[in-house]
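User: I am new to this structure and would like to be guided through it by questions and answers. Please begin by showing it.

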Amino acid sequence: MKFSRSGTKLLWVSLFAAAFALVESSVVVYLRSLYYPQGFSFPLKVISPHHFVVELSREAATIVMLAAVGILAGSRAWEKFAYFLAAFGVWDIFYYIWLKALIDWPASVTDWDILFLI
């Protein structure tokens, strides 16, 4: 099967996003084991101000990295934004796929989660 140039770009953007989602979900696995060894629940445990800043920075870096991929893949402003949206969508879906594979969470689509602090 032969892909168009835009199809090839979308494939690579999607592969990056899926792989990056594994990195992000791995971080969450470690955070949950540190902060919620008995399982994740609400209300949330208070984290130190330093860890809060680190977590916000990690989330901001995630958006920057996904935007950078979109900017590199697209040639016009609307294409750059479209690739960013595609990357974000694939990243978000695979983030939960990896969490399900790694720690069998979420148990259902109705489980509560913290999407983004920022």
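The following questions and answers go from the overall fold to single residues.

User: What kind of model is this, and from where are residues numbered?
Analyst: This is a predicted model, in which local features need pLDDT of at least 70 and side-chain atom pairs count only at pLDDT 80 or more, while totals for chains, interfaces and linings use all residues. Side-chain values use heavy atoms, with hydrogens and water left out, and residues are numbered along each chain as its sequence is written, from 1.

User: In what order do the elements of the chain run?
Analyst: Helices (H or I, at least four residues) and strands (E, at least two) are taken as DSSP runs, numbered from the N terminus. The chain has three helices and zero strands. From the N terminus on, the order is α-α-α.

User: What percentage of the residues in the chain is buried?
Analyst: A residue is buried under 20% relative accessible area, exposed over 50% and partly exposed in between (1.4 Å probe, protein chains only). The C-alpha atoms fill a box of roughly 50 × 30 × 20 Å along the principal axes. Of the 118 residues in the chain, the buried ones make up 27%.

User: What covers the buried residues of helix 2?
Analyst: Helix 2 has 25 residues and reaches 36 Å from its first C-alpha to its last; the expected span, 1.5 Å times one less than the number of residues, is also 36 Å. Its buried residues are Glu55, Arg58, Glu59, Thr62, Leu66, Val69, Gly70 and Ala73. With contact meaning heavy atoms within 4.5 Å, the cover includes helix 1 and helix 3.

User: How many salt bridges does the count come to?
Analyst: Side chains of opposite charge can pair when their charged atoms come close. The rule for a salt bridge is a side-chain nitrogen of Lys or Arg within 4 Å of a carboxyl oxygen of Asp or Glu. By this rule, the count is three.

User: Which parts of the chain are linked by the pair of glutamate 24 and arginine 58?
Analyst: The side chains of glutamate 24 and arginine 58 form a salt bridge, at 2.4 Å from N to O. The two residues are 34 residues apart, and the pair links distant parts of the chain: helix 1 and helix 2 (residues 49–73).

User: Are glutamate 55 and arginine 58 buried or exposed?
Analyst: These two side chains meet in a salt bridge, at 2.3 Å from N to O. Because glutamate 55 and arginine 58 are three residues apart in helix 2, about one helical turn separates them. Both residues are buried.

User: Is aspartate 104 buried or exposed?
Analyst: Aspartate 104 is in the segment after helix 3. Its phi is near 55°, a positive value in a residue other than glycine. Because its relative accessible area is 53%, aspartate 104 counts as exposed.

User: Which residues does the cis peptide bond join?
Analyst: Proline 106, one partner in this bond, lies in the segment after helix 3. Omega is about 5°, and the residues joined are tryptophan 105 and proline 106.

User: How far apart in space are leucine 44 and arginine 58?
Analyst: Leucine 44 lies in the loop between helix 1 and helix 2. It is partly exposed because its relative accessible area is 37%. Leucine 44 and arginine 58 are 14 residues apart in sequence, and their C-alpha to C-alpha distance is 19 Å.
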